[in-house]
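Please explain how side-chain contacts and strand pairing may be read from a structural model.

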Amino acid sequence: MLFNHRARYGHRRKVLVLGGAPDGELVAKKLQKMPDRYEVIGIFDDRWRRLKSQNMQHCVPVLGSVDDLITLCRKDLPDMIVIAIFDARRERIRDILHKVIVLPVDIYLAADIFPPGFCSGILQDDDTGLCLIPISKVLLSGGRYWVKWAEDKILALFFIIALLPVYILIAILIKLDSRGPVFFVQNRYGFNDKVIKVLKFRTMYVEKGDATGADRTVRNDPRVTRIGRYLRSFSLDELPQFFNVLRGEMSVVGPRAHATAMRVDDELYEKAVDCYSARHRVRPGMTGLAQIRGYRGEVTSRAAAQKRVDNDLYYINHWTLGLDLKIILKSIYIVLFNRENAF
């Protein structure tokens, strides 16, 4: 019996296979027998130079290493990644998983050890014992995706219209307080590690500002203008990000968008924090679970940075509409009555 699976998707799923011959080749051939459901783009391997040197034959192109797979996914996401290395040692599988599990894509582990009828994965071939076991799933898909989309659009439109007089007043105060533009634009990480331009009201003197985000803001920072201190205290400098939400670059609630040059202990976040990029499996948010749990403001250690990311990942894995509403209400309360970490 070949893959007794009913497709849950309305289109052919684009698949990348991680693992060369013989294991990856077996999986690729099985999937190619269902061309109406699956399109196998290519094979990648953590030891791909060995595949090239031995001139192994494959039914689809061998496109490179694990790093090449990640680079491709950052440009154009597939629907599935299948890890097909049946007899790999634990350390090898762990190293591969740590690299690919941060991607916002369905990931499956292929195994060939199941007796007929015992596979609980999405695909099964009783003749060979082959089974694809889900390891990581796209977190906001189907109906959940559209609920989150509607939540963002409705809230963004509501707050932009309701706060329009506040936007105008803040713009006038910024122009009267110091020379320079009303808005500050900064490159930050968005969905799937894509760089987005995040809008804020300018709170620093133009000649002292840091567009990269490498020089973190500290309490009583001399770079901050007079009106900027009030804006930051009440998080009013963040209000223009509702336009980022409306454009589909951000969400109202999600992991906070970090500047691409953001550091902790003089090292980039992605180097200092384990599985850091996994927080980019969803769109970044204006506020998030880490912020209402006290992990906001200045980060002074790797442990604090890891705690912040751990909360981001908890939110991603446990998202509900109710959780978003709770975070929004708690964020409003903190802004109004508990601003000790805002500066």
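The dialogue below takes up salt bridges, a strand pair, aromatic rings and a surface patch in this predicted model.

Q: How many salt bridges does a search of the whole structure find?

A: A salt bridge is assigned when a side-chain nitrogen of Lys or Arg comes within 4 Å of a carboxyl oxygen of Asp or Glu. By this criterion the search of the whole structure returns 15 salt bridges.

Q: Where do Lys29 and Glu25 lie, and how far apart are they?

A: Both belong to helix 1 (residues 23–32), and a spacing of four residues puts them about one turn of the helix apart. Lys29 is partly exposed, because its relative accessibility is 44%, whereas Glu25 is buried at 10%.

Q: Which parts does the salt bridge of Asp177 and Arg226 tie together?

A: The closest N and O atoms of Asp177 and Arg226 are 3.0 Å apart. Asp177 is in helix 6 (residues 164–177) and Arg226 is in helix 7 (residues 226–233), so the contact ties together parts 49 residues apart in sequence. Asp177 counts as buried, with 17% relative accessibility; Arg226, with a relative accessible area of 58%, is exposed.

Q: Are Arg279 and Asp312 buried or exposed?

A: Arg279 and Asp312 are both buried. Their side chains meet in a salt bridge at 2.9 Å, N to O. This pair links distant parts of the chain, 33 residues apart: Arg279 sits in the loop between helix 9 (269–272) and strand 13 (285–287), and Asp312 in helix 11 (residues 302–317). Elsewhere, salt bridges with shared partners connect Lys200, Asp237, Glu238 and Arg256 in one network.

Q: How are strand 8 and strand 9 joined?

A: In a regular strand, side chains alternate between the two faces of the sheet. Here strand 8 (residues 183–189) runs antiparallel to strand 9, and seven bridges join them. Tyr189 stands opposite Val195 of strand 9. The hairpin has five residues between the strands, and Asn192 adopts a positive phi near 60 degrees. Strand 9 (residues 195–201) is mostly covered, with five of its seven residues buried.

Q: How many aromatic pairs does the structure hold, and why is the pair of Tyr167 and Phe201 tilted?

A: The angle between ring planes classifies a pair: under 30 degrees is stacked, over 60 is edge-to-face, and the rest are tilted. The structure holds nine aromatic pairs. The planes of Tyr167 and Phe201 meet at 55 degrees, with ring centres 5.9 Å apart, so this pair is tilted. Tyr167 lies in helix 6 and Phe201 in strand 9, so the pair ties together parts 34 residues apart in sequence. Tyr167 is buried at 7% relative accessibility, and Phe201 is buried at 1%. Phe183 and Phe201 form a stacked pair, with 5.4 Å centre to centre and 15 degrees between the planes. One aromatic cluster is formed by Tyr167, Phe183, Phe201 and Phe243.

Q: Over which ring does the charged end of Arg283 sit?

A: The charged end of Arg283 sits over the ring of Phe191, 5.9 Å from its centre. The charged end of Arg293 sits over the ring of Tyr314, 5.3 Å from the ring centre.

Q: Which residues make the nonpolar surface patch of about 580 Å²?

A: Leu164, Ile168, Leu169, Ile172, Leu173 and Leu176 make this patch. Leu169 is located in helix 6.

How values were computed
Residues numbered from 1 in each chain as written. Predicted model: local features only at pLDDT ≥ 70, side-chain atom pairs only at ≥ 80, totals over all residues. Heavy atoms only, no water. Helix = DSSP H or I, 4+ residues; strand = E, 2+ residues; numbered from the N terminus. Buried < 20%, exposed > 50% of the residue type's maximum accessible area, 1.4 Å probe, protein only. Patch = residues over 30% accessible without salt bridge, like charges linked within 9 Å, V, L, I, M, F, W, Y side chains within 5 Å. Areas by Shrake-Rupley, 256 points an atom, 1.4 Å probe, with all protein chains shown as cover. Pairing = 2+ DSSP bridges. Phe/Tyr/Trp six-rings, centres within 6.5 Å; stacked < 30°, edge-to-face > 60°. Lys NZ or Arg CZ within 6 Å of the ring centre and 35° of its normal.
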